[in-house]
Amino acid sequence: MTLMNFIYGFLAVLGAFVFQTSLTGINRKVTARLQKRRGPKWYQQFIDIFKAFSKSSITHGWVYDFGAIMALGGIAATVIFIPVAGMQAFPGLDNIFVISYVLAVGMLGMAMSAAGSGNPWASIGVSRALTNMLAYDIPFMVVVFTLIYQHNTGSVSELASIQQGVGILGWNFFKLPLGGIVSVIALFGMLGKKPFDSFIAPAEIASGPMVEYGGKQLGMMFTLHELMTFIEVSLILNLFFGGGETLLIYMVKYAILYTFTNIVSGVMPRFKIDQAVTFFYKVPLGLAFIQGLLVIYLGWGY
Amino acid sequence: MTMIFIFLGLSLLLSYVLSRKQPTLGAYFTIIASLAGLISVYLLRNSVGVTESFYYLNFQITTIGWYFAMILLTVYFTSAFFNPFWMDELIYPAAYNSLYLLSLVGTIGLFFAQDLMTLFICWETAVWSSMLIVQQGKSRQAAWVYFVISAIGSMSTLFAVLLTMYLSGTSEITGALTYFTTAPVAGALVFGAFILAGLTKIGIFPFHVWLPLAHGSAPHTFSPVLSGGLVKMGAYIAYLSVAVFPAYQVFGDSLKIQGVPLPIYGLMILGAASIVYGTLRAIQQEDAKRLLAYSSVANGGYILIGILMMDQMAFAGGLMHLLNHAVASAAAFLAIAAVAKRTGTTKMSELGGIIHRMPITYTVYLIAIISMAGIPPMGGFVSKWLIFQGLSEKGLILLATAAAFGSIGSYMYVFRPLSAVFLGQLAPKYEHIKEANPVMVTAMLILTAMSLLLGVLPNLVLKTIAKIQIELGINPIIVNGTATLTENGSVDMLQVFTVFGFGFLLILILFMVLPKSRRVGLMDTYTSAEFIHTPELLHYGHSFYAPFERLYEKWPSVLPLYKRMSMKLSELGEWAESFFFHPDPNRAVLWIVVVAIVVIIGGAQ
Amino acid sequence: MHEVQKNDRSLWEVVGDYFRANSIWMKWYCTGCGAIEMPPTMTSRFDMEQLGMGPMATPRQADVLLITGYLSTKTLRRVIYSYEQMQDPKYVVGFGSCTLNGGIYYDSYATINQLDKYLPVDLYIAGCMPRPEAIMNSFGELIEMIKKGEAKGWKHYKENHEWYKANQMDSLGEVIIHDEFHE
Amino acid sequence: MTNSMSNWIETLEKDLGVEVLDSPAKLQYFIDVEHTNVHQTLAYLRHVGFTQMSLLSCIDWIEQGKFQLICILMNWENGVHMLVRTMLDRENPEFTTITDIYPGAVYYEREIHEFFGVHFRGNPTYQKPLFLERWDDMPPLRKDFDPQAYSDSKFPRREHPHVFKTKVVEVTE
């Protein structure tokens, strides 16, 4: 816990933000090409965020600001926990549960500040976001449980290093195929991508929790979304696609996985929130259970 | 140690006399009495093994007993701060104060009981006194249901106590219970009876019915004690029936699931069922107190699973969750009680925007639900993390899913009061309410500091739990500095907290650098350009998770099942009664003839 | 229009204007018949996203308020209410002749004739509804104006607040309505 | 006209003592009635089968100094629309409400009062404003109301200077 760790941590947050925001810009172009139009510049996402920071803003009281700061602070801390290609700012902190529960700090902070703004649409958006979280997180937790049982370790970097060095087939995605599929579907839920984005639906509930944000709070919410995407995609990458031996391989795999989710979500409709819950509790939960029983009782996937 | 019991007994009578004259004085006295009890029990921490007797009740100090007593005393001490403000609302304030201390004495006696008879006597005092207090709440029916289900527990404890004393000959707990390794069949019976008492008191799935009723309608200042303290009695009994009573050896030869014998696995499934059931019901509730009551059902499930696992991680997690849940749910109940004191209601759809008038109560409730939901900086995370590690070590996939469902589901139901009661629009009728009384605020802040401390430095508690595990012979939880090490990975909570603080600081600087934002009133929100002037219309507090609740609206609840059973019972009674007390005489003639025949045959033997 | 001083912008404002010019979020106040021109401007043929423009859900998040057609007195009250909810540096673009001089409804008792008496309009697009080419061209114009700092309508509104309010009062009588349907 | 159609029209004319006029549109008939016995006609028609009142509207015949109230009824069995028309004096247009026969007419009466100024005795809410917010002039749909004058007075216009682009002025203090 020396000063160097904190500097590495700060660099990790900065690097994650820059990498993910430029990737989002590229993906906005990809989605545009999906719809046969040219799409914005690749650094458009940066401009959007800095423009939001440059505008004046309003506040509805201290909980409105405190919630936003707590959300972004929690998520920035989680980015420091994430092991990227074997490098970690604070070694020994990358337990899966710590990461997925500190994510909940970010979600709770945003929910608190959205509800604090007093707008009914924000509360409806928050209630949908929490229901959505209950939907996608249970199948994912069952798969994570199977992984921990199988490899006897909860630390993400160890799980990633176990899969490396044996080529593509060493990845958990091929050793535990059902678990891999469930986790990718859960990734769509985590990112709030198209099939499961009823909690930020712009037309229905005026962009849900973000309804009262403007100016710097809106910029903070955009950065929060970028960092949360980085955390969730790199979590799935490390658990199922073998995390990168070197930084370059990590970034290439990350880009492919994120663009895949973007393309699929570009053509998907939007679930109502109770349809999303019933969907997640039928197919993905079933697959996760089958995968768990296969690993525990039949010992496959070792 | 008997000095403490004598002292508490005297303070009991003194508080009765005091509050006969001046109720609030008696209430303040209960604070002093519980503080004295807390300090004196704390001083006993290194005199383990001392046995004392008090006429025919004999007690023994054990680390586990000391640990349970400390949890209970903190909850009693902090909620005692709220007594003085409820004196005018209670029907019998003097009885309330004295019964408050009586239930305290009963539960501490139970934890330190050395032989089975003392165990049963202290169990009865606690049950009786708490039932008489719950009766002073809103509904008598709640107290009646609470007593009936506790009575099931008492009867099964009595049966187990008498059977053990008869079979094993000695009444001393450890000696009597370990006898059953030689007699597994009777052992199973005793185990069943004991664990039944534990289940009724923790409020596990089939026996949870009393919990929402009693907590919901008990006087506001007693429900934190009910959910924080008295539920732990059941956990102690569960501990006795699994750790002291050699359950794993007695059921050693039965079918094993992942190394856990079938009857214990069945109980764990009951615990998992109560987690899922408590979470689903809590998400539906409209009243904040009933919601917290159902959350106690869910957390009771975690505690039961943790204690029944009896291994390095989940057992430690279970015991620590006892403390975390006690502190967190007591703080949450006290915050809701403070709001109820100011606004007069705990129904969520009638409240809103209380944060603008009671910010400290809001922060207390926020820290409490962060710990109850098991989110890192607070204590709740460490215990739930240990339980999940224990489960994934043994590979019990069904329990792990229920545990995951419980912890993710808890985000939903803990956030509902936060948003419906504290955030959202402030109704004009609550425009001029003031912050809670400073005495109340100190109690709540003590509990908040405790749950923060437990989160950042879990090793303080885990050291005592490790001592308990050594006494039981299971390999203890390894703690070095603030990191808790387990086979499946370790977590250093102090580091997590510092990194979290670092992230928070980073963003605070970013927030301060950017231009200051303009303060805008709550009603100046985006209503798609329509003019709305009444805040109540703009507050979203009613049926907060409507789409999710619709999914399981039509699921049957257990309550009607009990109602039908009770009706069947009373019909049976009437049918039997009609035989003996029937107006027309030939019924009487029938019975005379029957008796005559029996006498003749009997006489002929 | 009004003369524009060249040198009253600080560095922070110049940089901010660059960002604000390249990423304009629109609050689509589809008041009139011009709203139907926006989808073709967004979709593949004209694609306004390459200019960095896109629709946003609420006035709090938006920079430019598009008034796309005739404004009845009732709609104008809601438009003024939304305009005041937007965050500073905000711009107003008036579509079509109905905002310029009343258009075909010049003699109606219900619609106003000139938008810039009530709101500071930075850019008018003539036409009885301008086609997507005209809209894309004028958005390019708006971007240039913002970059050079000429789109100062929001400052003008702040400085002459009473004048605008006076105009609004005598044309509309009252902006915030509290009656049987809005309690 | 099918024979079943024609005979119920005869019975109608016989009972009401009023002449049913045919109209260019299919299945649509007019009845002109004095404003005193409009209510009996409506009640009878409702009894006969015209259960739905589709619209109540008003026409301003300024030359004859008359308001004409038209009540469009519809019969669901045979799909016939019946228009009951009556003339009111323009100076003080008094009428009693028809909400006791067709409750749905309450908002139509309010609208007619707002736009024409016809008073509907017996309808408690007919004087409350419905569509026009903060209206401060005579009912606008009457023929003697001049919208052009109202628009010029209420929404003034100024001449646009023929400048198509803002000139950037060098300020030299």
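**Crossing, interfaces and sheet in a predicted model**

Reader: Is the crossing in which α6(B) passes α9(B) left-handed or right-handed?
Author: This is a predicted model, where local features need pLDDT of at least 70, side-chain atom pairs count only at pLDDT 80 or more, and totals for chains, interfaces and linings use all residues. Residues are numbered from 1 along each chain as its sequence is written, and chains are lettered from A and ligands numbered from 1 in the order in which they are written. A crossing is left-handed if the near helix is turned anticlockwise from the far one by less than a right angle, and right-handed if clockwise. The crossing in which α6(B) passes α9(B) is left-handed.

Reader: At what angle do the axes of α6(B) and α9(B) cross?
Author: Helices are DSSP runs (H or I, at least four residues) and strands likewise (E, at least two), numbered from the N terminus. Axes are lines fitted to C-alpha atoms, for helices over the stretch in contact, with angles from 0 to 180 degrees between N-to-C directions. The axes of α6 (140-168) and α9 (210-217) of chain B come within 8 Å and cross at roughly 140°.

Reader: Which helix supplies the largest share of the side of chain A that touches chain B?
Author: Among the four pairs of chains that touch, A and B have the most contacts. In that contact, 72 residues of chain A meet 62 residues of chain B. The side of chain A divides into 42 nonpolar, 24 polar and six charged residues. The largest share, 16 residues, comes from α5(A).

Reader: Which residue is the bridge partner of A:I58 in β8(B)?
Author: Two strands pair if DSSP finds at least two bridges between them. β1(A) and β8(B), residues 518-519, pair in the parallel sense over two bridges. In β8(B), the partner of A:I58 is B:R518.

Reader: Which strands stand at the edges, each with a single partner strand?
Author: An open sheet of three strands in chain B has the order β5-β6-β7, with antiparallel pairing. Three bridges join β5(B) to β6(B), residues 483-485, and B:I478 stands opposite B:L485 in β6(B). One side of each edge strand is left without a neighbour in the sheet, because the strands with a single partner are β5 (478-480) and β7 (491-492) of chain B.

Reader: Is A:A85 buried or exposed?
Author: A:A85 lies in the loop between α3 and α4 of chain A and has a positive phi of about 50° although it is not a glycine. A residue is buried if 20 or more other C-beta atoms, placed from the backbone, lie within 10 Å of its own, exposed if 12 or fewer, and partly exposed in between. With 21 other C-beta atoms within 10 Å, A:A85 is buried.

Reader: How far apart do the closest C-alpha atoms of chain B and chain D lie?
Author: No contact joins chain A and chain D, whose closest C-alpha atoms lie 25 Å apart. Chain B and chain D also have no contact, and their closest C-alpha atoms lie apart by 13 Å.

Technical notes. Two residues are in contact if their C-beta atoms, placed from the backbone, lie within 7 Å. Ala, Val, Leu, Ile, Met, Phe, Trp, Tyr, Cys and Pro count as nonpolar, Asp, Glu, Lys and Arg as charged, and the others, Gly among them, as polar.
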